[in-house]
Amino acid sequence: MFLLRTAPFLSVCNPLTTTLLQLPSIKCTTIDVAGIMAEEGESTDTYKVVVMGFSSVLNAHLIEIYDSKERAWRIAKQVPQENAIMMGRGTEMVFCEGYMYCLMSSADDDWNVMGFNIREGISFSTPLPEMANGEKTNPYLLVCGSRLLLSRGIFNMGRGREELLQEFIIWEFEKVKVESSSSGWKEIARMLPPLCEALNRTLFDAENPFMCCVGVGDCACFVSNGDIQAIEVVVYNVGEKTWSSLPSGHLEEESFDRVWESSVLTFEPRPDMKVL
């Protein structure tokens with residue numbers, strides 16, 4: 001299922017059946033981040049859409065939820081101004097065990113993760129590990145199975161004054177008690193130097209380098225794409241605690257010329273899924 005932003009509306013699409021549903025209008029006049037999740041323990045035809053944004057009419061930051069069974073939106077929570085999400089760094093929301101998670105940055109540019117229990121309407125915020133704060137690269141939230149992970153790259157200046165990836169660090173969120181301040185992050189892996197070098201090959205001398213990290217099943221996938229038309233993918237298997245890399249990919253020059261914005265989307269094809 002794809003969630004599409006077709007301003008001023010949101011739409012849900014099943015690309016395998018080419019069915020598209022335009023959702024009703026929402027209170028938020030500005031959408032900061034949005035995501036879609038399947039209902040847990042329900043039929044495969046039900047889902048929820050979660051939106052965080054700002055309503056100029058209500059002068060408030062809101063979390064709104066669309067329920068495909070009700071075919072309607074509801075305001076789930078008003079977010080305090082000091083916790084309002086600061087977007088613009090490629091962050092998106094992820095879903096894990098009934099919670100929605102997203103990254104938020106404070107006025108002093110320190111990052112936090114906000115968790116929101118979709119069923120109960122309870123939210124909490126937890127700071128990122130000290131090494132995950134900084135300006136070198138974006139932090140990434142991803143879900144591998146039932147694990148919430150955080151990754152961030154550490155860059156150093158090379159001899160030619162270019163920035164080179166030194167390592168990627170992965171942390172796992174430990175839910176001692178999910179709303180408790182005792183919850184925290186545990187470092188579980190660091191990318192091997194030869195794999196960092198593989199990613200650097202695509203980023204070196206690139207005018208518009210692109211890098212992201214996504215969760216696919218039990219794996220964390222690091223994707224880099226530079227101006228030399230090469231794509232590198234490094235994979236960390238969380239369960240097996242192993243690193244590997246996929247064969248390098250290359251864009252045809254004709255296709256590469258048409259690429260103006262890169263993004264990575266993973267999904268499991270389900271032709272029976274209805275958008276309702």
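N59 is exposed, having a relative accessible area of 60%; exposed means over 50%, buried under 20% and partly exposed in between, with a 1.4 Å probe and protein chains only. N59 lies in the loop between β5 (47–55) and β6 (60–67), and its phi is near 55 degrees, a positive value in a residue other than glycine. The model is predicted: local features need pLDDT of at least 70, side-chain atom pairs count only at pLDDT 80 or more, and totals for chains, interfaces and linings use all residues. Residues are numbered from 1 along each chain as its sequence is written, and side-chain values use heavy atoms, with hydrogens and water left out.

**The chain as a whole**

- The protein chain contains two helices and 20 strands; these are DSSP runs numbered from the N terminus, helices being H or I of at least four residues and strands E of at least two.
- Of the 276 residues in the protein chain, 45% are buried.
- The accessible surface of the protein chain is about 14800 Å², and carbon and sulfur atoms account for 49% of that surface; areas come from the Shrake-Rupley method with a 1.4 Å probe, and for residues only the protein chains shown count as cover.
- Among contacts (heavy atoms within 4.5 Å) between residues at least 6 apart in sequence, 43% join residues at least 24 apart.

- K241 is located in the loop between β18 (230–237) and β19 (242–245).
- Although K241 is not a glycine, its phi is positive, at about 55 degrees.
- K241 counts as exposed because its relative accessibility is 65%.

**A nonpolar surface patch**

- V57, L58 and I75 make a nonpolar surface patch of about 300 Å².
- Patch residues have over 30% relative accessible area and no salt bridge; nonpolar side chains (Val, Leu, Ile, Met, Phe, Trp, Tyr) are joined within 5 Å, like charges within 9 Å.
- A salt bridge is a side-chain nitrogen of Lys or Arg within 4 Å of a carboxyl oxygen of Asp or Glu.
- I75 belongs to strand β7 (residues 72–79) and is partly exposed, at 41% relative accessibility.

**A four-stranded sheet**

- Four strands form an open sheet in the order β8-β9-β10-β11, with antiparallel pairing; two strands pair if DSSP finds at least two bridges between them.
- Its edge strands, β8 (94–96) and β11 (123–127), each pair on one side only.
- From one strand to the next, the twist averages 30 degrees, with axes fitted as lines to C-alpha atoms and angles running from 0 to 180 degrees between N-to-C directions.
- Strands β9 (residues 99–105) and β10 (residues 111–117) run antiparallel and are joined by seven bridges.
- M104 has N112 in β10 as its bridge partner.
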